[in-house]
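The following paragraphs go through a structure chain by chain. Please keep the sequence and the model open while reading.

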Amino acid sequence: MRTTQVKPKVPETTPVWRHHHILDIDDFTGEEIELVFHTTKAMKEILSRPIKRVPTLRGKTIVTLFYEPSTRTRLSFELAAKNLSADVVNLNALVSSVAKGESLVDTLGTLQALGADIIVMRHPHSGAPYIATRYIEASIVNAGDGWHAHPTQALLDLYTLYEHKESLKGLKAVIIGDIMHSRVARSNIWGLTTMGIEVTLCCPPTLLPVGLGEEHRQLPPVNIEPNIELALDGADMVMTLRLQLERQKSGLLPSIREYIQLYQLTEARLARAKADALVFHPGPVNEGVEISPAVAHGPQSVINEQVSNGVAVRMALLYLLTGSQKR
Amino acid sequence: MKPLLIQGGRIIDEGIDVTGSLLITEGKVSWLGKGEETPPQPDYDVLHAQGLIVCPGFIDLHCHLRQPGDEEKETIATGTRAAARGGFTTICCMPNTNPPLDNQTTIEFIRSKSALEGVVRVLPIGCISKGRKGEELAEMGELASAGVIAFSDDGEPALNSYLMRQALDYSRAFDLPIIDHCEDKALTEGGQMNEGIISTRLGLRGIPSAAEEIIVARDLALAQLTGGRLHIAHVTTEGSVDLIRRAKDKGIKVTAEVTPHHLTLTEERVIGYDTNAKVNPPLRTKQDIKALIQGLSDNTIDIIATDHAPHTEADKLCEFDLAPFGISGLETALGSLMSLVHDGEISLVTLIAKLTHEPARIIGNRYGRLGTLAIGVPADVTIFDPALEWVVEPKAFASKGKNTPLAGERLKGRVMATIYHGELVYKDDSITVKEG
């Protein structure tokens with residue numbers, strides 16, 4: 001099958017974009033996030049065609065390097081890269097030479113020697129992609145590092161919200177759940193506040209990282225409200241986070257049962273939010289724990305939209321990154 | 001050997017601060033003259049020290065020489081050379097080697113190896129517990145007669161309060177201090193850096209100040225209970241300084257140390273995930289630094305010790321969570337600390353005291369008089385330029401440990417020469433000795 005030669009209708013990369021890597025969203029300006037929105041829109045147009053493939057990244061090699069099990073993020077990146085005609089190599093570090101003790105820096109050096117242009121990396125330790133950038137020239141895309149950041153997830157969440165709302169500025173977002181161990185929460189807090197959205201965090205105090213809610217130049221401004229009913233009052237966006245069941249074993253929670261009683265997003269609780277509030281979840285969902293099945297599958301849920309927008313956002317980011325490599 | 005005259009420097013020692021000259025004869029300090037005075041005998045070599053500070057050789061009560069067991073990180077040969085470059089003529093090595101220094105044989109190994117391969121004095125510290133396991137007391141009496149100057153399970157706290165009580169009590173028989181690394185492990189499990197704003201931002205597990213303060217408070221209570229000598233290693237928090245100050249007011253026998261990095265660097269150094277800024281206890285906050293400096297000034301904190309902890313480049317070239325803790329500190333100590341003097345935080349005289357006669361007091365006279373330029377004492381002398389600026393180049397370190405967060409930074413204050421037992425064991429290229 002011949003791929004279509006139609007050029008994607010995306011804006012030329014402008015000086016607005018200055019990233020060689022995508023490590024976190026905390027160094028994105030509002031303008032850059034808007035550029036991602038516009039580029040994503042163009043990518044969605046491509047995805048609506050009968051043949052969802054353009055030759056934009058033909059000849060580019062993209063490696064997905066995953067040190068943690070992941071299905072949706074890896075697939076999403078793989079599809080995004082293939083839709084742009086890049087060559088994609090998937091390296092599961094859990095079963096490769098890494099499992100035999102090869103260091104991160106050596107693995108990256110090998111990938112570079114093999115000609116990788118972009119390395120999409122998921123790692124259980126915070127900061128691993130930052131260390132990677134010191135030793136190789138390929139662009140690194142952080143597909144989640146430890147508790148630290150998951151910028152592409154935050155961008156797809158923002159884009160999904162942007163599709164539904166006329167303007168982001170002044171909206172109210174609530175993030176409920178295990179903020180402490182969540183890279184999705186950290187990146188969303190940065191992205192949402194950058195776009196002028198008021199963020200409230202709702203969780204047991206044992207799952208709240210130190211310092212959030214205090215004024216400090218190193219942290220974005222957020223409100224803290226441990227009472228879920230009060231937190232949800234008037235919200236436009238509600239995000240619940242996956243509760244790892246081992247949090248109880250590590251003593252951060254007395255029981256999952258009590259967590260459900262205090263923090264599960266139910267229909268009754270959601271009614272405190274605005275009528276057109278959207279419900280987000282980064283997945284995979286523990287139905288009946290952090291969110292009731294009725295809400296997860298209810299009319300306000302955009303959980304499936306998040307997944308499909310994920311491919312378009314990642315296409316946009318890969319496109320913008322290769323633009324930066326040309327310069 | 002011909003006598004050596006160190007001429008025209010500013011000589012600072014306990015109770016002395018004069019410009020003048022110092023004569024070293026047969027390895028000992030033999031004469032001190034003020035101003036232009038010249039020695040009574042005529043035949044000597046001359047080291048011109050105009051514009052330089054001349055003081056007793058520095059003493060480091062806390063360093064890791066990694067030998068035996070981890071010779072790829074450091075050896076007695078390389079560690080003592082690093083010490084000489086840093087102006088240290090006496091260094092006390094921690095016993096967390098492999099095997100640990102928990103018996104007479106290992107102490108004798110350190111002493112004989114140092115005599116053969118070392119260029120400065122190495123004084124060993126023995127373990128508190130057998131195998132550093134925190135279960136049974138090591139044979140402290142035998143360790144004392146083998147020549148240890150203190151006991152410590154450093155790297156690990158003595159977490160068992162019963163063991164710590166017995167250690168403080170039993171060691172009274174030898175008048176030797178127990179040095180504790182204060183860390184409540186239940187609160188630091190998996191911790192990577194100071195718990196606070198920056199750990200939240202970086203998504204790294206935090207090490208709260210309380211983890212240190214809880215054990216400091218417990219140790220002070222046990223020191224009071226037993227009357228034993230307690231020395232708190234690497235104090236890093238405002239809360240610990242407060243606890244120690246109150247304990248001293250009550251007359252509890254406690255001394256304390258702080259490292260150059262905890263006095264000069266904050267947790268913000270970790271931003272960017274620099275594994276060379278990963279150290280235990282972790283770099284804290286500006287507020288803690290302020291309290292530490294106050295503690296130094298009012299003698300709540302008695303001494304400065306480096307906690308020199310060398311690691312190989314490969315050890316640190318990895319994910320932040322996987323990197324070992326530690327900073328290679330002997331060769332940057334003075335340059336770092338002088339920033340406190342240049343900024344007016346502490347006086348030069350205080351700084352020198354904390355590096356010389358104060359640690360000598362803790363060590364005692366087992367190895368003769370240390371940390372002084374008194375006439376007749378073995379000549380351990382450090383000569384440094386307080387204002388010379390230089391750039392930290394880890395490749396130039398004598399230490400095998402190039403792990404410093406200061407690489408590429410400009411420091412003001414540099415060791416120009418180090419004399420151990422009357423012998424020039426280090427000199428900067430710009431220093432020449434004129435033969436008389």
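Strand β5 (residues 172–176) of chain A pairs in the parallel sense with strand β6 (residues 198–202) of chain A, over five bridges. Within this pair, Ile176(A) stands opposite Cys202(A) of β6(A). Two strands are taken to pair if DSSP finds at least two bridges between them; helices (H or I, at least four residues) and strands (E, at least two) are DSSP runs, numbered from the N terminus. This is a predicted model, in which local features need pLDDT of at least 70 and side-chain atom pairs count only at pLDDT 80 or more, while totals for chains, interfaces and linings use all residues. Residues are numbered from 1 along each chain as its sequence is written, and chains are lettered from A and ligands numbered from 1 in the order in which they are written.

The pair β5(A) and β6(A) belongs to an open sheet of five strands with parallel pairing, in the order β7-β6-β5-β8-β9 of chain A. Its edges are β7 (223–224) and β9 (278–280) of chain A; each has a single partner strand, so one side of each is left without a neighbour in the sheet.

Chain A also has an open sheet of four strands, ordered β2-β1-β3-β4, again with parallel pairing. Here β2 (87–92) and β4 (139–145) of chain A are the edge strands, and each has a single partner, so one side of each lacks a neighbour in the sheet. From one strand to the next the twist averages 15 degrees. Strand β1 (residues 61–66) of chain A is joined to β2(A) by six bridges in the parallel sense, and Phe66(A) has Asn92(A) of β2(A) as its bridge partner.

Next come two helices of chain A. Two packed helices are described by the angle between their axes and the distance between the axes. Helix α5 (residues 151–164) and helix α6 (residues 183–194) of chain A have axes that come within 8 Å and cross at roughly 55 degrees. Axes are lines fitted to C-alpha atoms, for helices over the stretch in contact, and angles run from 0 to 180 degrees between N-to-C directions. α5(A) and α6(A) are therefore oblique to each other; angles under 35 degrees count as roughly parallel, over 145 as roughly antiparallel, 65 to 115 as roughly perpendicular and the rest as oblique. The crossing of α5(A) and α6(A) is right-handed, that is, the near helix is turned clockwise from the far one by less than a right angle. The contact comprises six nonpolar, four polar and one charged residues. Residues are in contact if their C-beta atoms, placed from the backbone, lie within 7 Å; Ala, Val, Leu, Ile, Met, Phe, Trp, Tyr, Cys and Pro count as nonpolar, Asp, Glu, Lys and Arg as charged, and the others, Gly among them, as polar.

Where the two chains meet, chain B contributes 19 residues and chain A 22 residues. Helix α6 (residues 197–202) of chain B gives the largest share of the chain B side, six residues. That side divides into nine nonpolar, six polar and four charged residues.

Chain B has a helix pair of its own. The axes of helix α7 (residues 209–226) and helix α8 (residues 238–249) of chain B come within 9 Å and cross at roughly 15 degrees, and α7(B) and α8(B) are therefore roughly parallel to each other. Their crossing is right-handed. The contact includes Val216(B) and Leu220(B) of α7(B), with Leu243(B) and Ile244(B) of α8(B); by class, six of its residues are nonpolar, three polar and two charged.

How many residues of helix α12 (residues 333–342) of chain B are buried? Seven of its ten residues are, and the helix is mostly covered. A residue is buried if 20 or more other C-beta atoms lie within 10 Å of its own, exposed if 12 or fewer, and partly exposed in between, with C-beta atoms placed from the backbone. The buried residues of α12(B), including Leu334(B), Leu337(B) and Met338(B), pack against several elements of chain B, among them α10 (286–297) and β16 (381–391). After α12(B) comes Gly344(B), with a positive phi near 75 degrees.

In strand β8 (residues 121–124) of chain B, Arg121(B) and Leu123(B) point one way, Val122(B) and Pro124(B) the other, and all are buried. Strand β7 (residues 88–93) of chain B runs parallel to β8(B) and is joined to β8(B) by four bridges; Thr90(B) has Arg121(B) as its bridge partner.
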